[in-house]
There are 2 protein chains.
Amino acid sequence: MPASALATDLYQLTMMAGYFAAGRHHTTRATFELFVRRLPPGRSFLVAAGIEQALSLLELLHFEEPEVAWLARQPALARAPAGFFDYLRGFWFSGEVWAVREGTPVFANEPILRVTAPIAEAQLVETALLATINFQTSVASKAARVVIAADGRPVMEFGARRAHGLDAARCAARAAFLAGCAGTSLVEAAQRSSIPLAGTMAHSWVMSAVDEVTAFREYDAIFAEHAVLLLDTYDTIAAARAIVDHHMQPSAVRLDSGDLGGLSREVRAIFDEAGLTGTRIFASGDLDEHAIARLIASGAPIDGFGVGTSVVTSIDAPALGGVYKLVEVVDDGPGRLVMKTSAGKGTWPGRKQIWRVMENARAARDIIALHDEPQTAGSRPLLERVMVDGTRTSALLPLAHARVWCAERIAELPPDLRRIDRDASYDVQPSRGLTEAIRMAQGS
Amino acid sequence: MPASALATDLYQLTMMAGYFAAGRHHTTRATFELFVRRLPPGRSFLVAAGIEQALSLLELLHFEEPEVAWLARQPALARAPAGFFDYLRGFWFSGEVWAVREGTPVFANEPILRVTAPIAEAQLVETALLATINFQTSVASKAARVVIAADGRPVMEFGARRAHGLDAARCAARAAFLAGCAGTSLVEAAQRSSIPLAGTMAHSWVMSAVDEVTAFREYDAIFAEHAVLLLDTYDTIAAARAIVDHHMQPSAVRLDSGDLGGLSREVRAIFDEAGLTGTRIFASGDLDEHAIARLIASGAPIDGFGVGTSVVTSIDAPALGGVYKLVEVVDDGPGRLVMKTSAGKGTWPGRKQIWRVMENARAARDIIALHDEPQTAGSRPLLERVMVDGTRTSALLPLAHARVWCAERIAELPPDLRRIDRDASYDVQPSRGLTEAIRMAQGS
């Protein structure tokens, strides 16, 4: 994992130089919170993801000497104080971080992650934290919907070729598995994150053979129960009949184009009549949660789905508008809660905690409170301290455990939030203490 | 640049094992072409990008020993022939590649890149080639529209925080610059790809100071002509008046929220009245080509734009549906042209060349021909041979040169294609030879 401190916006560095020039780079401690102002249309909840990678970035963050030398030559930093570059040479992230656990459903205005650090450090990391968490949260949130739509049938993530590069593909595979997908086709993601591998065959396998039946036979001969035969290179129904006519017994077939509902019924009938009742039918081809829900509602005999583009790009909400906002500053003496008041872009002041109020083992509502307010009765806190003095406070949670955590947390949401045919809203309110802090900050 | 050969879909490896088992992995040579079946809505042309990175991936591609050992343990490959894993240990890409030059406008069905190699090699690289070229082409294509809309005013790319991870952010910054953006805020991209750096200040700089005027003064004192003051933390107009009242003379200011047209006019008037006629006004805040065009059409006195989300995610077309399709197979003797006929997903057979027919120094139409057909009169070929035996045939073109190439090629397109308010189509036809090949393949 490269963790160059240059993976940041220029203005973070110019502001750091400014804090340094004013002598405030380490005497001023700041708290920033990362949150989403509003959920995108088509999302009734978000699934927090990317936090593990974000913490790794913070732990490894540093400037290499050639990077510092390069920065010192940039016109934009030509007037930075001389000592600034030595400061960068010795830079490491020494802050405290609180975050929700990966896989936790979160809502608008809820801090997913909170950084308290010397202001120059907290500022530098904004870009990397946002790029990491915005993207992976958007993929996990989309994948959760697709998994809900599949209603228990396995969903395999096949989207690497449409992801925003190979690194995005790896992160998307991980986020999709976290949110309930059953496996990935991306070998590198499977290896790195211990995700089950899934794969079938491509049209080129069929096209490069002398004929389709030969292509099927050769594959079946090698892969036996792992062979999934792709039917739609030329004609899906003809391919299904050829399988029967040639007495092949594949464990599964894949349909990748055309009317998947109608074709699955025809193929099922052909197979069942020939006694191939155990041959499963997988479907793929530009599927999203709505297409999957329609297929299932129509009674299509499909045993599992392959999804790609829609999940790895979160195609209907491809950019999550997460922001990283200053909420508290401590120069000396008591902290100042700060608040931005731009039109439509205001922020809530102060370090916060999210309390999820449980009623009958179901999430009833969330309260966003100031960090040091007393616990709301019957609720659990969502933000945990995960890093102190730049070091993680606990071992990384295995992804398979996080996936179970995610499924359990989604299952306890109000049922309306798990509908994919219409958006539902969840009750999130500021606490009395936070409401008072907002009023005071507005009045100031 | 990591180039793990595991950055591929599982089925590429199972098919490779299948080719290996049949003894066809190197005796069968295959040609695959990477192209887009149709342009997304809102795109009258695409700008090819990602090719340099794709070629680097091909040159560096190999399996590390622990990767091979891991693969050999996977159930999906448990029945691969024993020699297959030794084959992977010695694997390198030995193929020939033809590609259009980065920055070239391309259209539906036109091969952006063409690989001819032993079939197992050509198959393995599909996922990485698609992930790289699909994404970067979509960003370059969107950026070209934004640059057209800005009509000569500089457009800075600020989108790292909304990109699909930091690697996607770096690639997006490069693709945006290729397509005409003037700079990036992402320091690492600027360093790696020699892109001009751009940056201003964040709201947190203002919020962390005692007051806004102090924040502006401190920044101005350090950065002088590089200081761009951000006006909208609390109230844009009040901030502009404060600048005048306190006799500051910033070189530029940035507006980031609210009615950018109206605010720019008010701020311009305040500055001009105070003699600050040289202070430029930059605008940002969820801008895309349409918002920029509206601002300019309304006469808003804005000197430059910052764009983020819309460009780095190509937000209205976040997944480009590029495919990589087998078009020719050579086992022994003459090649077989192959063609997939799935409903709505057919392909054109044979190795191809694109001829761009020029009339009066303007691109009039393109002809897609079989590779060995004679040149169409008055046309230039777009595909160049860029790799032979797995080695590049020419040095990498500096990005700044590719950017000029791109601007020149876009400028010679029919003017309708450069409209951003409505889609226009360009005349692309198969040659006589290709038409005949399609007919023959359909008949076969």
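Select chains A and B together: a rotation of 180° with 0.0 Å of shift along its axis superposes chain B on chain A, at an RMSD of 0.0 Å. For this, copies are superposed by least squares on the C-alpha atoms of residues with pLDDT of at least 70 in both. The two copies are thus related as by a two-fold rotation axis. The same surface serves both copies, since 100% of the contact residues of chain B recur in chain A; two residues are in contact if their C-beta atoms, placed from the backbone, lie within 7 Å.

The model is predicted: local features need pLDDT of at least 70, side-chain atom pairs count only at pLDDT 80 or more, and totals for chains, interfaces and linings use all residues. Residues are numbered from 1 along each chain as its sequence is written, while chains are lettered from A and ligands numbered from 1 in the order in which they are written.

Next, select helix 6 (residues 126–150) and helix 7 (residues 166–178) of chain A, which pack at an angle of about 45° with their axes 8 Å apart. Helices (H or I, at least four residues) and strands (E, at least two) are DSSP runs, numbered from the N terminus. Axes are lines fitted to C-alpha atoms, for helices over the stretch in contact, and angles run from 0 to 180 degrees between N-to-C directions. Helix 6 of chain A and helix 7 of chain A are therefore oblique to each other; angles under 35 degrees count as roughly parallel, over 145 as roughly antiparallel, 65 to 115 as roughly perpendicular and the rest as oblique. Among the residues that meet here are A:Phe135 and A:Val139 of helix 6 and A:Cys171 and A:Leu178 of helix 7.

Move to chain B and select helix 6 (residues 126–150) with helix 13 (residues 289–297), whose axes come within 8 Å and cross at roughly 5°. These two helices of chain B are therefore roughly parallel to each other. On helix 6 of chain B the contact is made by B:Arg145, B:Val146, B:Ala149 and B:Ala150, and on helix 13 of chain B by B:Glu289, B:Ile292 and B:Ala293.

Finally, select two residues of chain A. A:His247, in the loop between helix 11 (236–245) and strand 9 (252–255), has a positive phi of about 60° although it is not a glycine. A:Ala361, in the loop between strand 14 (352–359) and strand 15 (362–370), has a positive phi near 60°.
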